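Reader: I've got a model open and I'd like to learn how to read it. Can you walk me through it, one feature at a time?

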Amino acid sequence: MTRKEVFEYCRKQYKTEPDYPWHDWNAVLRHSDSGKWYGLVMEIDRSKIGLPGEGEVDILNVKCDPVFASYLRQQPGFFPAYHMNKTQWLSALLEESLNDETVKSLIDWSFQATAVKKKKNRNMHVSAISKLRAGNRQNRCKKIEVENSFDGNALCKNMTVNIVI
């Protein structure tokens, strides 16, 4: 898969365009909503990833499950992430010998792994100790009791919170 094919896939699949923050050939693939990176396409010297010969190659860095990344690094065309966390990220050599479906799957996994996480509902139950009066502007700080259920965590079951309205 080439860098052009990676960009076309991301454009079609995620409606994202490559970003060139360094004003060179290196491109970041970002989530359109949060700006978080899910991929990085770089042109680097072959020696940077331990390849023989001279010249430059294109690589794709993606976030990857550490166990799966460890397995893939044993396969031709995959390396510890260049310039990224080597446990959480993986570099894939962008060349015709890599299976396109594997590269697409890695992009998909990285996109999901870097997506904004939805906040979990903590089953918070709030009961007011004093009634909040809409017209009362003199007493702006009201005391309420918050009762939570956090998987049996005794420290979080009851707490008192002051809220300024």
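Author: Let's start with Asn61. Leaving out residues up to four places away in sequence, Asn61 touches Tyr38, Gly39, Leu40, Met42, Ala81, Tyr82, Met84, Trp89, Leu90 and Ser91; contact here means heavy atoms within 4.5 Å. One caveat: this is a predicted model, where local features need pLDDT of at least 70 and side-chain atom pairs count only at pLDDT 80 or more, while totals for chains, interfaces and linings use all residues. Residues are numbered from 1 along each chain as its sequence is written, and side-chain values use heavy atoms, with hydrogens and water left out.

Reader: Is Asn61 buried or exposed?

Author: Buried means under 20% relative accessible area, exposed over 50%, and partly exposed in between (1.4 Å probe, protein chains only). Asn61 has 0% relative accessibility, so Asn61 counts as buried.

Reader: Which side chain joins that of Asn61 in a polar contact?

Author: A polar contact is a pair of N or O atoms within 3.5 Å; within protein, one must be able to donate a hydrogen and the other to accept it, and residues adjacent in sequence count only if both atoms are side-chain atoms. Here the side chains of Asn61 and Ser91 are joined at 2.3 Å. A polar atom of the Asn61 side chain also lies 2.8 Å from the backbone oxygen of Tyr82.

Reader: Asn61 lies in strand 3. What is the strand order of the sheet?

Author: Strands of a sheet pair through backbone hydrogen bonds, either parallel or antiparallel. Two strands pair if DSSP finds at least two bridges between them; strands (E, at least two residues) and helices (H or I, at least four) are DSSP runs, numbered from the N terminus. This open sheet has five strands in the order 1-2-3-5-4, with antiparallel pairing. Strand 1 and strand 4 (78-80) each have a single partner, so one side of each lacks a neighbour in the sheet. Strand 2 and strand 3 pair over seven bridges, and Ile44 stands opposite Val57 in strand 3.

Reader: How many residues does the largest nonpolar core have?

Author: In soluble globular proteins, nonpolar side chains tend to be buried together. A nonpolar core is a set of buried Ala, Val, Leu, Ile, Met, Phe, Trp, Tyr and Cys residues joined through side-chain atoms within 4.5 Å. The largest one has 24 residues, and Val6, Leu60 and Ile107 have the most contacts inside it. Helix 1 gives the most to this core, with five residues. A second, separate core of 14 residues includes Leu40, Met42, Phe79 and Leu93.
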